[in-house]
Amino acid sequence: MAMDVVDYEIFGNEMQYVEVELDPGEAAIGEAGVMMYMQDGIQMDTIFGDGSAQQGGFFGKLMGAGKRLLTGESLFTTVYHNEGRGKRRVAFAAPYPGKIVPVDLSTVGGTLICQKDSFLAAAKGVSLGIAFQKKIGVGLFGGEGFIMQKLDGDGMAFIHAGGTLMEKTLAPGETLRVDTGCVVAFQPSVDFDIQYAGKIKTALFGGEGLFFATLSGPGKVWLQSLPLSRMADRIVMASRAAGGGGKESGSVLGGIGLGSLLGDDE
Amino acid sequence: MSAAPASTATSPPIPARYYPAGGDAHGHAARLSWQDGALHVTVDDLPALTVSAARLRVEARGFNHSQWALNWAGDGHDAPHLLIVDDAVAAPLRAVMPGHFTGGDRQRRGSRHRFGLGVGLLVLLPLLFVAALLLSLDPLTDRVVSHIPPEVERHIGEAVLARTRLEGPLIEAGPAHEALQTIGRRLARPDEALQFHLAERPEINAFAAPGGVVVVNSGLMARAASAEEVAGVLAHEIAHVELRHSLRQIVRSAGLRVIVAALFGDFGALGGGAAQMGELKFSRDAEREADRRALERLAEARIAPHGLLDFFRTLSSLEGGQGTLPALFSTHPANAERIAWIESALARQAPTTVQPLGINWSSIRQIADNASQEKGTRNPKE
């Protein structure tokens, strides 16, 4: 599979963007709506599906688009093509606070399973597929749902994680228990499962839910410290408009308002 | 550092990841080939390995069992040596040692079956639950209705009456009112507390509310050809009261609303409950039962039972002639069918002696007609 090799640079700390350098004739694909800026000479083209070489005919494209619909993304992908004579740059910005993870798919064996919605941009030729979680329990309680995204190819891909990123290579048999919702991506050789938290008291009052997600090696995993849903919950909780206990300045009760008394972690 | 000679490989080398026992977490990129009943593992920075098929154990693992783990005992280590091969490239290995892969295939099939079963259950269980609820709606309604005390029924009746008053005035005196009361008194049994009300509305309609409340529109009085026809309608409505049809319907629709709300979220806006009494629909069976009881009651009151039949005939002639379909019919069984079953019931009924109602119907009709007309012009039908 011929992938375009792209050079990139990531800017920013907590709200990042990635600048991708395209040689003449090279192209990158970006999730709809994440492009931040591009230089002269870069042509933007919206295509149906994900623009990977595997999608031959009309039905292939339709399938690709259908899969994108399932993962909750737009039917179209935007391709940024360098039509100029020199190197040109295009930047993609992360949609919420967190880190951009550059992954060279060739170093992880060509396939990466990631949380849906986490895809940001990639070299043209990387195919975006769906990986349907076939373990019912994991789909229901694993925090990532039944539909995950599968990136195939051997070029660079940029995925996005909330909060701070943790990247770990698990040795064979090494298991990590993770709060549900914190799994961003993993290699397909990693077993993704759930484990009952064990104690009803912990489950009810510990704020961690009934299950942990477990990841066991060998393979590389990426975890995020702050799933967007958790941040969104906190924002809604704090919002006056949404009926939360919004306070502009500290009250007598301070942080132990109604919101945090009733609030759960997830 | 010796790579397996290309000539001895049975197929192009298969890419894999090699995790030696006691090695680090990252593992090594490796290439596999098969020769003479043994697996040859070529790793860039390590000496080549040969593992006989007998020592190899194979299992499915990873995301959706999409990978194969090939283990063999680690020399001196607790953990075994491990090779991870993607299923997409594992076909040549499966071909040379099919026996090794059967266990993993069983695992994968099992997980597929469990997934199908799980999805099926996830979809089916709510459907089954709803089906069970719908099936048990009638028996549940019966149970609930049998526990509703008469006072509650009376309260509902009063509420319905109050609402009817809001929609339009009731005629509470005068010859038409008197005539209705006369017919009602003839029909009521001594122990029954029934109230008959005449509403000033042009539609041909009558309805029964819980608690013995029967409301007849002046439009119906105006179109009925004789007092016996009105008696037939009243008897039918009394039968609905007697059989507690309205109450059943209220309970039933409340139950349905609960089910619908549970399924689709809050449908509170659809509510209204007892308020929509006038528009309540009874089932075909309920109507037939009410007709049967009405004929019995008419015979018991010594009123010509043909009145009911005549009324429906009058209605079907009106239905053919005028544009507005009588409201009574929009919710009721087809008229012709109904006439047919009343005819057959009448034929079976023993003849009874009849006492005329003794009402000068043409004058009552005139009065009722005037009332409906006035109402009709003053406040056109919604």
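## A sheet in chain A

A:Cys114 stands opposite A:Ala185, a residue of strand 16 of chain A. The model that shows this pair is predicted. Strand 9 of chain A covers residues 111-115, and strand 16 of chain A covers residues 183-186. Two bridges join these strands, in the antiparallel sense.

Both strands belong to an open sheet of six strands in chain A. The order is 11-12-9-16-19-14, and the pairing is antiparallel. Strands of a sheet pair through backbone hydrogen bonds, either parallel or antiparallel. Which strands stand at the edges? They are strand 11 (127-132) and strand 14 (165-170) of chain A. Each has a single partner strand, so one side of each is left without a neighbour in the sheet. From one strand to the next, the twist averages 25°.

## A:Leu140

A:Leu140 is found in helix 2 of chain A, which spans residues 136-141. Around A:Leu140, 15 other C-beta atoms lie within 10 Å. A residue counts as buried at 20 or more such atoms and as exposed at 12 or fewer. A:Leu140 is therefore partly exposed.

A:Ile194 is 54 residues away from A:Leu140 in sequence. In space, the two are 9.7 Å apart, C-alpha to C-alpha.

## Chain B in outline

Chain B has 382 residues, and 35% of them count as buried. Its secondary structure comes to 13 helices and 11 strands. Take the contacts in chain B with a separation of 6 or more: 64% of them join residues 24 or more positions apart.

## Strand 1 of chain B

Is strand 1 of chain B largely enclosed or left open? Five of its six residues are buried, so strand 1 of chain B is largely enclosed by the rest of the structure.

Strand 1 of chain B runs antiparallel to strand 2 (residues 28-35) of chain B, and five bridges join them. Here B:Ile14 has B:Leu32 as its bridge partner. Strand 1 of chain B also pairs with strand 7 of chain B, again in the antiparallel sense, over three bridges. In strand 7 of chain B, B:Ile84 is the bridge partner of B:Arg17.

## Where the chains touch

The contact between the chains takes 20 residues from chain B and 19 residues from chain A. Which of them gives the most? Helix 2 of chain B does, with five residues. The side of chain B that touches chain A divides into seven nonpolar, eight polar and five charged residues.

## Two helices in chain B

Two packed helices are described by the angle between their axes and the distance between the axes. Helix 9 of chain B (residues 284-300) and helix 12 of chain B (residues 335-348) have axes that come within 11 Å. Those axes cross at roughly 35°. The crossing is right-handed.

Helix 9 of chain B makes the contact through B:Arg288, B:Asp291, B:Arg292 and B:Leu295. Helix 12 of chain B brings B:Trp341, B:Ile342, B:Ala345 and B:Leu346. The residues of this contact divide into five nonpolar, no polar and three charged.

## Nonpolar cores

The largest nonpolar core has 57 residues. Those with the most contacts inside it are A:Ala28, A:Ala122, A:Ala157, A:Phe158 and A:Ile159.

Key: Residues are numbered from 1 along each chain as its sequence is written. Chains are lettered from A and ligands numbered from 1 in the order in which they are written. This is a predicted model: local features need pLDDT of at least 70, side-chain atom pairs count only at pLDDT 80 or more; totals for chains, interfaces and linings use all residues. Axes are lines fitted to C-alpha atoms, for helices over the stretch in contact, and angles run from 0 to 180 degrees between N-to-C directions. Helices (H or I, at least four residues) and strands (E, at least two) are DSSP runs, numbered from the N terminus. A crossing is left-handed if the near helix is turned anticlockwise from the far one by less than a right angle, and right-handed if clockwise. Two residues are in contact if their C-beta atoms, placed from the backbone, lie within 7 Å. Ala, Val, Leu, Ile, Met, Phe, Trp, Tyr, Cys and Pro count as nonpolar, Asp, Glu, Lys and Arg as charged, and the others, Gly among them, as polar. A nonpolar core is a set of buried Ala, Val, Leu, Ile, Met, Phe, Trp, Tyr and Cys residues joined through C-beta atoms within 7 Å. Two strands pair if DSSP finds at least two bridges between them.
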